[in-house]
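Kindly read the numbered points with the structure at hand.

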Amino acid sequence: MGSAGTEAGSCLRTLSTSRDPAEIVHALRTLARHLEDGEFTRLHFAHAIRVLASASWLSRWSEDEEIKKLWDKMFLKGPPDQTLLLLLDTISSTGESVGLERSVSVLEKFLSAGRLQVLLWSRCEVGGVRSESPQLREAVISHLAALPSITCNHLHANTPDAFLPQQYYPLLAAGMLDTLEKTCHALRAGQDCSLGFVAQVLGKVCIQGYSSQIFETLAPRLSSLTRMDPLWQRVTQKLLEKVPERCTECVITGLIRSLRGAAAVSRLMGNLVLTNKKAQFVLTHKLLLQQYQHPTRLLKSVLGYLALDSERRTLLKQVFRSVCQVWCNSSAVKHTCVEQQLYVSKVLLLCVALLDQSEVQELRQEMLQCMLGGVQCRLDSNIERIRRMGMVTGECLSHKLDTPGSQLQFQYEPDEEIRELKSLMESLSVEDDEQHRPDAATSLPPEPKVECSAGQSVTSEAGQGSDSELDSDDDLTPYDMSADQEKKKSAPPRYIRDCLEALMSSDDAERVELSLQVAEALLRKNVKATQEVSVQFSKVLLHLEDRYNTPHFHTLRQNAMVALTVTDVKPVVDYWTTEFYSLNYSLRQRLDILEVLALSAQELSEPITNKHAGAQPIGAPMPRAQGDDITHWRQVVEKRIQSKTRRISKGGIQCVKAAPNRYAPVAGFFFFPLLRSYDRPQVTFDLLGSDHLVLGRLLHTLGLLMHLTINAPVASQMGRALLDFVWAVRFHTDQMVRRGVMFAVCSAFLSMPAENLLTELGDDLMETRAWLADVAENDCDADCRSLAVQSLLLLDKNLKTQLQIPDMET
């Protein structure tokens, strides 16, 4: 042992046993002088600060200014890696004491004094760090990356702000930037450096979930520094190459999310996608086809990065082929959620937009197969968003193929989603976004142009009068016709039979329109007359077509059909349910029948306010905004589920109050005939086969009819039949059908009495719970998962009630 070791040992014995402040100060001064001695820092420093952290005299002399200053110096001037390890271990293993307070205080000073930069740079200098074990290296990396977790887990509410993630990780990122800058200076001076340690710390931080905090500081600065300096580009690219493979995904994902534009990604990553197989898998497959939560900006950055280099464009074409296979796969359309399909559609359109004409010709066959197969399987979907997605994408692909005379064109209502998809086909800029932000101070709106008769364009000037030579009649004042009304040739019918006759035989468009406008009021006002012709009138309305493009035709027709149903319930409902399974009806007519039944049942289920209904006029219900009746009823069922879910903060169960209504006595007429022939395929109708659009709507309608029977005697019988029906189609591949299944199950669980529900399930109870749990966890559709969770809550609620288990908060 050298003289430094002998003297250090003596000082440490003094610090361990002495209670004299003069001796303690002398020992601390002696140790502080040895901080520059390599032998001392290598062999004795760790033991020295461990003795200081656990010294018995600390509580008595901790307020002595000289002792405090010397104590801090020992921790702030020695090797930063050993200091960091000891301070964090002391904090995590020490109870409330002066030692804990001093350790926390000196760790704050350690961070504010820039010791993180010193630690990082000491590991970058080649030959600047003694040989160390892999275990020690990993311990330093882990403590650096997890400092907020280590301190917060022990200090809890007393954690200083400097240790919180939102302050610590930007500080660590600043330390990394400082280290990279020193590396650039060292390389220019001809000195070798190693970035392996910094890369491992970066990977460890990102894999723990703090990539956004670290790259908020790193990414913008690196993007700026690499714009004009090739050496910064080489250093940054080398840093990313050294990131451990298990951390590659979270590092490059966090980096790309924080950058603006593909050019910045290209400068920072270089050809990493070509040399690193994990990075290639993440960038060309996982981010684009397996995940779908990323913003469109990230997709533009990734695909633009692949398109910027001639060697990387091979991967762009590979991505395009993979996306084509997924997009035209009918199984993927059925078994993935709408959000993921939208995400893949964006990837496809961005790939197409980045292909040049020679590449389009090379990939023409794949693009054509993708367009035809993908559009067709989406048009077969029951979900409107998926159909419109297929239409827009098909149109864009057709336009890119540039086939004159055979380009696809569809009719649809444009919305924000459609406009975004179409915008992806515009010429993409791979430059940084911040370089192309328009300057509001210099951009002026274009002057309006006016086409002259000779085809020349002239600029119109504000305040310029009209040219009197263009029109010699400009001085004539027109008549004010704003209050004029068009004179009707016919009068609206005043009697039901006249209205029926007009709808059956009239070739007069105006007369048909007037008849439709008054039909609902006439049918509700004259109950006896309506009952005489109710079935005949229903037949006419069901087959009525919009030959004259009548305004609000479908709404007027549907309102009249509902009025017929609620006025003469049994005959008209029998007609609807019989015709639903009859031959030679279009899918639109069958859907109309289901909508009329649902709306009529809703109106009949309103509580009776007048006990002497007799043959008095039947008033129309309060109008509500036109929309999907399924969405409306889903909200109603959701509210009722919430009222049946007991929470301690909300009090007890609020049961639905029973009240007489006109629906309960006739519910069976609505419900059971719709289950009569579902498994018998007709020539023009196969409910369990290709006509799954109608099957999905049928399930929703049955769920609505079931829900309206709550507190009715027939509820148990209806629930038993409904559960038997949905059990046969519970694994259907179509998302809308599965939504209907879950909605029907939820309605049955909500409406059936608890004792009858559990009796009907019987031996299938555990299988039902397992099925619902599987749907709640694994179904690709968010609505199905939500309804499955609600069904499980209701089932467990009924089970607890029957077994008399005390209710717990859910």
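Predicted model: local features only at pLDDT ≥ 70, side-chain atom pairs only at ≥ 80, totals over all residues.

1. Does Y168 count as buried or exposed? At 0% relative accessibility, Y168 counts as buried, because buried means under 20% relative accessible area, exposed over 50% and partly exposed in between, with a 1.4 Å probe and protein chains only.

2. Residues are numbered from 1 along each chain as its sequence is written, and side-chain values use heavy atoms, leaving out hydrogens and water.

3. The protein chain has 41 helices and 2 strands (DSSP runs numbered from the N terminus: helices are H or I of at least four residues, strands E of at least two). Of its 810 residues, 49% count as buried.

4. In the protein chain, 74% of the contacts between residues at least 6 apart in sequence join residues at least 24 apart; a contact means heavy atoms within 4.5 Å.

5. The structure holds 7 aromatic pairs. The rings of Y168 and Y169 have centres 5.2 Å apart and planes at 70°, so this pair is edge-to-face (rings of Phe, Tyr and Trp, the last by its six-membered ring, pair if their centres lie within 6.5 Å; planes under 30 degrees apart count as stacked, over 60 as edge-to-face and the rest as tilted). Y169 is also buried, with a relative accessible area of 0%. Together with Y210, Y168 and Y169 form one aromatic cluster.

6. A further edge-to-face pair is formed by W727 and W771, at 5.8 Å centre to centre with 80° between the planes. This pair links distant parts of the chain: W727 lies in helix α37 (residues 715–728) and W771 in helix α40 (residues 765–778), 44 residues apart. W727 is partly exposed at 26% relative accessibility, whereas W771 is buried at 7%.

7. The structure holds 3 cavities of 30 Å³ or more (on a 1 Å grid over the protein atoms alone, a cavity is a set of points where a 1.4 Å probe fits but cannot get out; lining residues have an atom within 4 Å of a point). The largest cavity has a volume of about 50 Å³, the volume being the space filled by probe spheres set on the points, which are joined across faces, edges and corners. Residues lining the largest cavity include L503, E545 and R547.

Methods. 1 Å grid on protein atoms, 1.4 Å probe; cavity = no way out; pocket = protein on both sides within 12 Å on 5 of 7 lines; lining within 4 Å.
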